[in-house]
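This report describes selected local features of one protein model. Please consult the sequence and the structure below while reading.

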Amino acid sequence: MTCEITVPGETVTEILKYWASTEDNNLPAFVSIYPSGEKNVLTRKEVYDCSKKFAHKLRNLGIGKGDIICNTLPNSLERVVCEFGITLSGATSMNGQVLRADGEDFREALRISQSLAVIVDPDAYHSAHSLLVKEISLGSDNNFHSEELPCLKHFIVCSRNKVDKTKDFITLMKDPNLPSFVAEVSPSDLVTVMTTSGSTGYSKLVKFSHANICAFGCQVKAIEPLKPGDHFLNCSQLGWAGGYPQWYLSCGVTRYFLDMHNGPYQNLPEMLWRIIISEKIVYAFLTPLVVNSILSEKSLWENSSWKPKCLCLAGQPVKKGTLDIIGKLCDTVDINYGITECNLVSTHRIIDSSTYKEGCAGCPGYRVTVKIVDKDFQELDQGKTGQILVKSPSLCQGYLNNEVACQKAFLEDGWFCTDDAGSIGQDGKLYVEGRQSDCIMRGTSVLYPGWLEKKLKEFPSVEDVVVVGVPDDVLYNEICACILIKDLAGVFAGKGHLKPKAASNKNLDMTSTVCDNSLTPKLQNGSTQKQTCETVYGKSLCEKIVSLKGLEAFEEELRTFACKIFLSYPLVPKYYIFVDKFPLTLNGKICRKDLRELAANLLELNKT
């Protein structure tokens with residue numbers, strides 16, 4: 001019989017008030033760590049009080065229930081206060097992320113959501129501020145007027161200023177003389193709109209009610225019932241499902257995170273591990289990529305004076321070798337399988353790595369139901385592979401203003417179609433095999449190749465492109481662009497990835513643009529072409545002669561072009577192969593399966 005698990009409230013508003021009203025309300029709630037190691041803290045009471053004051057500011061602007069407010073701030077204490085301030089005002093927060101260099105993904109999210117206001121810090125790294133002020137008329141009172149975004153009315157600046165405290169957002173919100181406001185809300189009201197990874201070129205906007213978030217809180221509490229004040233580290237972004245401050249709401253932990261105001265860290269894994277040791281973190285939420293990088297630097301951990309009780313790995317499939325961290329970096333490992341739309345699906349606690357089977361995602365989370373179905377949505381027996389369907393009290397309320405996507409993913413009887421393939425093993429556990437569609441799971445991101453293929457086709461001399469996933473021991477898949485070039489004789493593997501700097505765990509999301517000069521396959525006609533290459537901005541990137549006698553220079557230019565497509569982290573191909581034709585199915589369509597096998601063989605990446 002499952003024990004009843006609860007959180008201290010039926011809405012996020014009630015829970016924030018609860019933790020601010022306990023006797024130990026001066027305990028740190030959120031601790032932001034700067035690159036210098038400096039710590040900045042907000043207590044439970046300060047989180048609630050500052051958020052109430054920001055809620056009053058929003059209320060004065062006429063913002064309230066039913067309004068969508070886009071929060072673009074990076075991980076920071078300012079982000080926390082704005083997030084909860086939106087909640088206390090009765091409005092709904094939306095994660096404002098900018099991945100595309102042209103900012104069109106961000107503007108599209110504002111259009112679809114019909115956001116009333118956007119919160120920015122002009123001085124923050126890759127701030128959305130610069131994208132907006134270029135194209136939108138901004139009045140003296142920070143009000144918008146835009147034909148492109150007619151619903152967007154307010155531009156709310158929340159700046160950090162360590163020199164002039166009268167202009168520092170957190171300092172201003174701590175002013176005891178400022179008025180406060182808390183709206184009345186119900187469990188069914190929307191509290192936040194989370195965004196999917198955006199690897200399609202555009203993010204889906206996922207709606208969550210207060211009840212959904214509270215149910216998610218019960219689920220994480222069931223995984224590990226941390227005590228109030230326990231030190232908890234999470235490396236995920238606050239606006240994403242994995243980074244939402246769920247553990248604070250459900251358990252009252254002290255949440256540690258890296259302050260991202262000034263951009264990414266030079267050595268993220270090392271910084272996170274030093275925080276774990278110095279702050280005596282009990283439980284940490286990390287990606288397999290990060291822990292593999294830490295494990296590879298033995299000098300970091302072999303003489304450590306502290307070891308966390310558990311490291312929770314999520315965001316990408318876990319290889320068995322990753323579990324070598326047990327006994328070295330931690331006592332146990334939790335493997336969590338989840339998706340944005342329903343947060344947690346299943347969880348698997350591992351004490352002995354020898355018992356782990358790759359792909360095993362454990363048992364369904366608290367009050368989560370899972371089944372496997374065939375293409376006709378008929379339930380399959382144990383051991384048979386099909387699509388994973390999920391029912392959960394934390395399942396979202398659908399996609400914001402996207403009825404077509406809702407009809408495809410949400411069934412009338414309450415089941416959600418994950419588009420993941422898997423099976424239920426004889427041990428009763430869920431085994432996940434990957435995506436059913438053409439999308440590629442690379443690390444913590446899911447890339448839908450169609451959009452990237454379209455962009456790469458803009459490059460001169462590229463006749464066609466198919467982007468596929470190829471095996472990778474750490475990221476599960478790496479991205480490979482298969483480039484069709486007219487008059488090319490044969491099939492060739494690019495070698496730009498072979499340079500030592502091309503795959504450094506210290507720069508987890510960067511891709512090298514160097515190329516090896518040893519590759520010189522010949523073309524049938526030896527022709528030379530001159531074309532103009534257009535970037536995603538529509539401006540000329542280069543106008544030069546591309547010699548088709550040497551793919552080494554062509555690959556280098558193509559890598560450089562590809563790296564300009566994404567803004568924050570170039571989710572671009574690591575590998576390139578060049579072909580004279582694509583394998584086809586019997587009905588004449590490109591066979592991605594055969595192309596994946598061809599690429600893996602050519603690059604010598606086949607799994608053993």
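Does V474 count as buried, partly exposed or exposed?

The model is predicted. V474 has a relative accessibility of 24% and therefore counts as partly exposed, since buried would require a value under 20%. This residue is found in the loop between strands β24 (464-472) and β25 (476-484).

Leaving aside residues up to four places away in sequence, V474 touches L289, N292 and Q316. V474 and R442 are 32 residues apart in sequence, and their C-alpha atoms lie 9.3 Å apart in space.

## Packing of helices α9 and α10

Two packed helices are described by the angle between their axes and the distance between the axes. For helix α9 (residues 268-278) and helix α10 (residues 288-296), the angle is about 80 degrees and the axes are 9 Å apart. The two helices are therefore roughly perpendicular.

On the α9 side, the contact involves L268, P269, L272 and W273, which meet V290, S293 and I294 of α10. By residue class, the contact of α9 with α10 comprises six nonpolar residues, one polar residue and no charged residue.

## Helix α14

Helix α14 covers residues 551-563. With 13 residues at 1.5 Å a residue, this helix should span 18 Å, and the 18 Å between its end C-alpha atoms agrees with that expectation.

The buried residues of α14 are L551, E552, F554, E555, L558, R559, F561, A562 and C563. An α-helix has 3.6 residues a turn, so residues three or four places apart point the same way.

Methods
Residues numbered from 1 in each chain as written. Predicted model: local features only at pLDDT ≥ 70, side-chain atom pairs only at ≥ 80, totals over all residues. Heavy atoms only, no water. Helix = DSSP H or I, 4+ residues; strand = E, 2+ residues; numbered from the N terminus. Expected span 1.5 Å × (residues − 1). Buried < 20%, exposed > 50% of the residue type's maximum accessible area, 1.4 Å probe, protein only. Axes fitted to C-alpha atoms, helices over the stretch in contact; angles between N-to-C directions. Parallel < 35°, antiparallel > 145°, perpendicular 65-115°, else oblique. Contact = heavy atoms within 4.5 Å. Nonpolar A, V, L, I, M, F, W, Y, C, P; charged D, E, K, R; others polar.
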